[in-house]
Amino acid sequence: LSRFTRAESEGLIHKARPGALLSSEELDRIYDETEGNAFFLMEYVDALGADKPFVVTASRMHDVIESKFLDLPDDERKVSEIASLFDGSAPFYVFGELLGRSPLQVSELVEKLEQRSILEKAPGTRQLSVRFTHRKLREFQYESLSGVKRNVLHDQVAHILERRADADPERIDAYYEIAYHYERANNPAKLLECKIRILSTNLDYSHERFPIIRYEGKIYDQFDYDDERASKRVEELEALLAQVKEEPADDADIPSLEMAVLYIRGRYLIRKGDYAPGLACIDRMMEIARRLDSVPRLIEGCRQAILYCLQTQSLDMMEQYVGYGHRLAQRSGVPEDEGEFKRYEALLDIARGDLDSAERLIDECIRIFSDPTRDSGRFVLYRAACCDEKGNIMRLRGDLPRALESYRQAIELCEAR
């Protein structure tokens, strides 16, 4: 049977026990406890008397739930145990990978559990998934697992989900569930990796004036961290990093994790205007990056230092970092890195009044970020930024019609995106 609604549950109770006098609060409690599950509803109906209060004890409910799992064959029990690891629905492919079974074999095992009213198909999911027919069944099955078995299974599930998420860049939201499993697996290093990825994706979008658009759809709608929430997330990363450093796992890349946390902390503080501690974090990150010869991290450090210089008009310091960034971009061999530092150089030229050099550099940037051989759609806001800067150059020259044209191009690029 499908789950009963609140009204259907009340109708069933009154029909089965017409003499029972129940208040609205008692009916609400029955529905909250049973969630409209027919099996649990009938237990409450059986406990009702015509003229006395009903009582369903915890021990009675435990016995009732336990009876659902009696004599469960080993393969079906394994499916039930895996399903209990998920707070919501469990995708079919996880069962297949953990049990080494084909989709058809998994579906046959699930059907047997559906016949026992233990599992049901989960509605409204992107892929074929199942869930328990009642949260109490899930809680009972989960609590029956030993602590060690829970940790091992959660870790295995997290690795399976992570492989799928890595293969589908659009599923950045999947890392919330992956983090849940790594946390339950007591794997702080992998949990830290997931939280870094989630927060970095957030800040790459919300903390940048002209972010790279890495994902499509409504993924960015969830990135609404205010300052208080962002600060809390950064503190969580630092606490996890301290835990990982205190009890390092064999496969934990502590220097990479430390660089990531320092970078996030530094960029966050610089955006807040806490320049001294923010730059200190970036400097420490770059020290580790130089030791490991990590060019991508060094480029990130240069970017944050340059943004600090822009906010504080520290032009001499900015010149040093722009030059360093150019050299790093040549080492990286990534044209977009070269284009980004050309734009920073153009901003430096504008600040110093060399408008001809600035315009030449901006035109080169637009060419790089418009190259049809690359995914220029990712850099549409970079192109908009270049158009905006070109408008500023024309305005400073007094050529207001061309300035207005460039500003309109920037607006159109943003609107089209």
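Reply: Angles under 35 degrees count as roughly parallel, over 145 as roughly antiparallel, 65 to 115 as roughly perpendicular and the rest as oblique. The axes are lines fitted to C-alpha atoms, for helices over the stretch in contact, and angles run from 0 to 180 degrees between N-to-C directions. This is a predicted model, in which local features need pLDDT of at least 70 and side-chain atom pairs count only at pLDDT 80 or more, while totals for chains, interfaces and linings use all residues. Residues are numbered from 1 along each chain as its sequence is written, and side-chain values use heavy atoms, with hydrogens and water left out.

Me: How are α17 and α18 oriented to each other, roughly parallel or roughly antiparallel?

Reply: Two packed helices are described by the angle between their axes and the distance between the axes. Helices here are DSSP runs (H or I, at least four residues), numbered from the N terminus. The axes of α17 (residues 335-352) and α18 (residues 355-369) come within 8 Å and cross at roughly 160°, and α17 and α18 are therefore roughly antiparallel.

Me: At what angle do α17 and α19 pack?

Reply: Helix α19 (residues 380-397) packs with α17 at an angle of about 20°, their axes being 11 Å apart, which makes α17 roughly parallel to α19. In their contact (heavy atoms within 4.5 Å), residues of α17 including Leu347 and Ile350 meet residues of α19, among them Ile393 and Leu396.

Key: Helices (H or I, at least four residues) and strands (E, at least two) are DSSP runs, numbered from the N terminus.
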